[in-house]
Amino acid sequence: MMRQAGRHLPEYLELRARAKDFLDFCYSPSLAAEATLQPIRRYDMDGAILFADILLILDAMGRKVEFVAGEGPRVEPIRSAAELDREPLEKVMAKLAPVGETVERVSPRLSEKTTLIGFAGAPWTVAIYAIEGKGGTDKTFPRQFGYENPQELDAILAQLVEASAHYLAMQAKAGAHALMLFESWAEGLPEDGFDRWVIQPTKALVSRLRELGVDLPIIGFPRGCGSLLAPYVERTGVDAVGLDTAASLNWVNKTLPKGFPVQGNLDPLRLLAGGDGLEARVRQILDGLNGRPHIFNLGHGVLPDTPIENVERVLKVVRQGAQ
Ligand code: CP3
């Protein structure tokens, strides 16, 4: 149940209050390891997601990144690939080294059955934050930028591919068991833009990781891509995909290759609302994806006001279903 999930847990809020700011929290291996382990302790989940953020890489690449309470992330905006070239790769990796250390601390503290998922933002999504500089918009400006400056955007994406490959390889070396690519802003792209800005950079990132000797499973999560999930699965080389809340299970079963693993796709608002409707939907999802390897998950992240009992109820139903 990835993404900013801790905010519904009192123990997380208590831990966060101890850090100077959110970036400092992410770069403190002891705090970040503790935040990674909290949901495992409370819920005994089967998968732990590394505590970090997709925007750390921009910070490490020399752009100013801030998390402003109530406003979401802010990034010093770029208009050219050169502006992402402030720091040599060794310095970028040195800045990100504490994330590797978090993985090293967490990995031996998990039981045999618990998978540790490392992650990075997929290049297009990270580029969106870099170009736009802030959240809370409809994210159309980076698309316009791409049409007006196609070579520049390709170069920005290529830089992010290279830095992210080394970052993920570091997480793999430190002991992650699987890697996830968050493509949170795949929605609304036309087919040609989706191919150039989402599929090709993801494919390049997966190939680069394989070249660097990483053989872990890679999960892609192109949120909001609709039917373009089919070419994404066909061409990127990822080993599994996350399904967003709008994915039709019937379509997924008919369209994705037999045996191709999926993750998803409970609506976080359904989780927040709870009740019998929640249980019914969980069963529908379990039944709907019964024919293929399925990692039960949300279609996006846990919302801060989600009651803990609702998460517990879901886990109970999923575990019964899995027996
Ligand atoms: O669930 C986890 O905590 C695992 C670690 C994790 C975080 N962010 C920590 C975090 C993961 C996997 C992410 C991914 C992430 N970060 C994504 C991809 C998933 C998605 O949401 O689509 C994106 C787009 C980001 C960028 C980002 N970071 C946003 C939009 C925010 C929320 C800002 C806000 O004020 O609403 C963050 C902050 C962030 N990252 C928090 C956590 C726990 C919340 C910080 C806090 O309030 O404690």
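Buried means under 20% relative accessible area, exposed means over 50%, and partly exposed lies in between, with a 1.4 Å probe and protein chains only. By that rule R270 is partly exposed, because its relative accessibility is 37%. This is a predicted model, in which local features need pLDDT of at least 70 and side-chain atom pairs count only at pLDDT 80 or more, while totals for chains, interfaces and linings use all residues. Residues are numbered from 1 along each chain as its sequence is written, and side-chain values use heavy atoms, with hydrogens and water left out.

**Overall fold and dimensions**

- The chain contains 14 helices and nine strands; these are DSSP runs numbered from the N terminus, with helices being H or I of at least four residues and strands being E of at least two.
- The radius of gyration, taken over C-alpha atoms, is compared with a globule rule of 2.2 Å times the number of residues to the power 0.38.
- For 323 residues a compact globule would have a radius of gyration near 20 Å, and the 19 Å of the chain agrees with this.
- The C-alpha trace spans about 55 × 45 × 40 Å along its principal axes.
- Of the contacts in the chain with a separation of 6 or more, 72% are accounted for by residues 24 or more positions apart, where contact means heavy atoms within 4.5 Å.

**Surface, burial and charge**

- Of the 323 residues, 54% count as buried.
- The chain exposes about 14,100 Å², of which carbon and sulfur atoms supply 50%; accessible areas come from the Shrake-Rupley method with a 1.4 Å probe, and for residues only the protein chains shown count as cover.
- There are 36 positive and 42 negative side chains, and the centres of the two sets lie 3 Å apart.
- In that count Lys and Arg are positive and Asp and Glu negative, with His and the chain ends not counted; each charge is placed at NZ of Lys, CZ of Arg, CG of Asp or CD of Glu.

**Cysteines**

- A disulfide is taken as a pair of cysteine sulfur atoms within 2.5 Å, and the count by this rule is zero.
- C26 is buried because its relative accessibility is 1%.
- C225 also counts as buried, with a relative accessible area of 8%.

**Backbone geometry**

- The peptide bond from G264 to N265 is cis, with omega near -15°, and N265 belongs to strand 8 (residues 262-266).
- D44 is not a glycine, yet it has a positive phi of about 55°.
- D44 sits in the loop between helix 3 (29-43) and strand 1 (47-49), and its relative accessibility of 38% makes it partly exposed.
- K139, also not a glycine, has a positive phi of about 65°.
- The loop between helix 6 (123-132) and helix 7 (141-148) holds K139, which is buried at a relative accessible area of 5%.

**Residues in helices**

- V206 is part of helix 9 (residues 191-211) and is buried, with a relative accessible area of 5%.
- Apart from neighbours within four places in sequence, V206 contacts I218, T236, G237 and V238.
- V206 and R74 are 132 residues apart along the chain, and their C-alpha atoms are separated by 28 Å.
- R270 is found in helix 12 (residues 268-273).
- Not counting residues up to four places away in sequence, R270 touches G277, L278 and R281.
- From R270 to V282 the separation is 12 residues in sequence and 9.6 Å in space, C-alpha to C-alpha.

**Residues in loops**

- S107 lies between helix 5 (89-106) and strand 4 (115-121), in the loop.
- The relative accessible area of S107 is 18%, so S107 counts as buried.
- S107 touches L116, G175 and H177, with residues up to four places away in sequence left out.
- R292 occupies the loop between helix 13 (276-288) and strand 9 (294-298), and at 8% relative accessibility R292 is buried.
- Leaving aside neighbours within four places in sequence, R292 is in contact with V252, N253, L256, P257, G259, F260 and V262.
- R292 and E71 are 221 residues apart in sequence and 39 Å apart in space, C-alpha to C-alpha.
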